[in-house]
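Hello,

Here is the structure we talked about. Please open it next to this email and follow along; my notes start below it.

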Amino acid sequence: MVDVLLEDDLLLEEAVAELKGEPVSPHVEPDLSFDEPFYLPAEYIEDVGLRLSLYKRFACADTDDDVMDLAREMEDRFGPAPAPARVLVRVMSLKARLRPLRAMGIEANRERVVFHLREDSPVDGAKVAELCQGRNARWKLSPDLRLSRRFGEGDGASNAERALRELEDAAVF
């Protein structure tokens with residue numbers, strides 16, 4: 001439901017920009033697939049309208065700082081967040097960091113993290129090749145632009161944070 005509302009808002013913004021003659025670059029909303037639940041439990045925020053409003057605000061957060069500010073606001077208002085809500089904050093932070101990379105999505109679990117890139121993702125091909133070199137390289141790039149890293153422990157959110165940090169540290173993006 002929140003994705004539909006967000007999509008409608010983005011389409012409207014693009015249409016207005018187009019009518020004004022401003023350049024329009026397609027907005028990318030990364031799909032998120034993790035091996036652990038991330039949501040706002042009804043027991044934590046009982047009012048459905050408030051929950052939907054928070055989902056939309058998290059989904060629209062442009063930066064990691066915006067997500068963290070919203071998380072602090074949520075905890076100030078409703079108290080310490082339960083596990084699924086804490087995971088939601090981590091996942092929304094990752095989503096905000098993925099948007100400028102033009103990633104179409106991310107899949108993350110205990111075994112691996114896969115970034116679904118677009119042809120226009122700002123990646124440095126030489127640096128990606130360096131990460132993927134060697135028979136036992138942890139990183140792989142498939143022909144359909146899926147950049148993946150193998151793991152053997154942890155959870156999806158932790159592994160995704162670690163993989164994204166590695167890519168940022170290697171200045172791949």
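**Helix packing**

Helix 2 and helix 4 pack with their axes 9 Å apart, at an angle of about 30 degrees. The contact involves Tyr55, Phe58 and Ala59 of helix 2, and Leu88, Val89 and Met92 of helix 4. Sorted by class, this contact of helix 2 with helix 4 has six nonpolar residues, no polar and no charged ones.

Before going on, note that this is a predicted model: local features need pLDDT of at least 70 and side-chain atom pairs count only at pLDDT 80 or more, while totals for chains, interfaces and linings use all residues. Residues are numbered from 1 along each chain as its sequence is written, and side-chain values use heavy atoms, with hydrogens and water left out.

Some terms are needed here. Helices (H or I, at least four residues) and strands (E, at least two) are DSSP runs, numbered from the N terminus. Axes are lines fitted to C-alpha atoms, for helices over the stretch in contact, and angles run from 0 to 180 degrees between N-to-C directions. Contact means heavy atoms within 4.5 Å. Ala, Val, Leu, Ile, Met, Phe, Trp, Tyr, Cys and Pro count as nonpolar, Asp, Glu, Lys and Arg as charged, and the others, Gly among them, as polar.

Helix 2 (residues 48-60) also meets helix 3 (residues 64-78): their axes come within 10 Å and cross at roughly 160 degrees. On the helix 2 side the contact is made by Leu50, Leu54, Arg57 and Phe58, and on the helix 3 side by Val67, Leu70, Ala71, Glu73, Met74, Arg77 and Phe78. These residues divide into eight nonpolar, no polar and three charged.

Helix 4 and helix 6 have axes 10 Å apart and pack at an angle of about 25 degrees, and they are therefore roughly parallel to each other. Their contact has five nonpolar, one polar and five charged residues.

Five strands form an open sheet with mixed pairing, in the order 1-2-3-5-4. Two strands pair if DSSP finds at least two bridges between them. The edge strands, each pairing on one side only, are strand 1 and strand 4 (139-141).

Strand 1 (residues 31-34) pairs with strand 2 (residues 105-108) in the parallel sense, over four bridges. Leu32 has Ile106 of strand 2 as its bridge partner, and Phe34 has Ala108. Strand 2 pairs with strand 3 (residues 112-116) in the antiparallel sense, again over four bridges. A hairpin through three residues joins strand 2 to strand 3, and Ile106 stands opposite Phe115 of strand 3.

Helix 6 (residues 156-169) lies across strand 1, strand 2, strand 3, strand 4 and strand 5 (146-150), running at about 60 degrees to strand 3.

**Helix 5**

What lies at the start of helix 5 (residues 125-132)? There, a side-chain oxygen of Asp124 reaches to within 3.1 Å of the backbone nitrogen of Ala126. Just after helix 5, Gly134 takes a positive phi of about 95 degrees.

Regards

Terms used. Polar contact = N/O pair within 3.5 Å; in protein donor to acceptor, adjacent residues only side chain to side chain. Parallel < 35°, antiparallel > 145°, perpendicular 65-115°, else oblique.
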